[in-house]
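Subject: Structure handover

Hi,

Here is the structure I promised to pass on. Please have a look, then read my notes below.

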Amino acid sequence: MTVKIAIIYYSATGTTYQLALAVAEGARQTGAEVRFRKVQELAPEEAVASNAAWAAHHRESQDVELASNADLEWADAVIFGTPTRYGLPTAQLKQFLDTTGRLWANGGLVNKICSSFTSTSTSHGGQETTIVNLNTTFYHWGAIIVGPGYADPIQFQSGNPYGTSFTSNNGALKPDEVALTAARFQGKRVAELAALFIAGRGK
């Protein structure tokens with residue numbers, strides 16, 4: 001059986017988007033079927049237009065499909081990506097999560113494999129707390145949380161066992177090869193563990 005992975009993210013200026021692409025690449029390397037989705041932008045058009053990098057990424061990602069509850073129902077595993085906002089997930093991703101109430105109430109999210117990744121503008125800008133706070137939603141869902149841990153040598157370079165993270169220096173830096181390799185590993189690890197879980201459940 002082919003494992004189905006939904007990668008759902010929010011990105012303003014493109015850093016988290018680049019990490020999401022690498023996560024998707026890692027998942028696909030296992031043979032998984034991947035849905036790559038963004039969540040709805042909530043900021044007004046004038047706010048987006050006022051920031052050149054934000055406006056450029058808005059154009060770059062305009063063809064990425066919007067996430068829906070149907071993607072969550074379809075997926076065996078879901079990997080979420082978000083920049084941090086005061087150590088929390090963005091309002092955009094939180095708004096999407098808040099639409100899942102009926103699916104949650106019907107038990108539709110129980111035993112989904114879930115994982116998450118993030119980016120910040122500055123060092124110690126809330127990378128770990130953003131992932132941990134996002135994971136709180138998964139506990140309520142009855143989902144199974146999979147972090148990268150230190151299960152691959154790249155994790156000793158990237159240094160975040162909770163999930164892939166990158167510091168962009170206020171947007172001046174794009175994800176480096178360490179971050180991208182860690183992101184590929186996270187996608188691969190989630191897909192492989194989801195496959196094991198599905199196989200075991202079928203026995």
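First, a term: Ala, Val, Leu, Ile, Met, Phe, Trp, Tyr, Cys and Pro count as nonpolar, Asp, Glu, Lys and Arg as charged, and the others, including Gly, as polar.

The model is predicted: local features need pLDDT of at least 70, side-chain atom pairs need 80 or more, and totals for chains, interfaces and linings use all residues. Numbering starts from 1 along each chain as its sequence is written, and side-chain values use heavy atoms, without hydrogens and water.

The largest pocket comes to about 380 Å³. Its lining has 21 residues, and Thr13, Thr15, Ser121, Ser168 and Gly171 are the closest to its centre. By class, that lining holds 15 polar, 4 nonpolar and 2 charged residues. (A pocket is an open set of points on a 1 Å grid over the protein atoms alone, where a 1.4 Å probe fits, with protein on both sides within 12 Å along at least five of seven lines; lining residues have an atom within 4 Å of a point. Volume is the space filled by probe spheres set on the points, which are joined across faces, edges and corners.)

Strand 3 gives the most to this lining, with 3 residues. Helices (H or I, at least four residues) and strands (E, at least two) are DSSP runs, numbered from the N terminus.

The second largest pocket has about 160 Å³ of space. Lys38, Val39, Glu41, His58 and Ser61 lie nearest its centre, among 13 lining residues. Helix 3 gives the most there, with 3 residues. The classes are 6 nonpolar, 5 polar and 2 charged.

Best wishes
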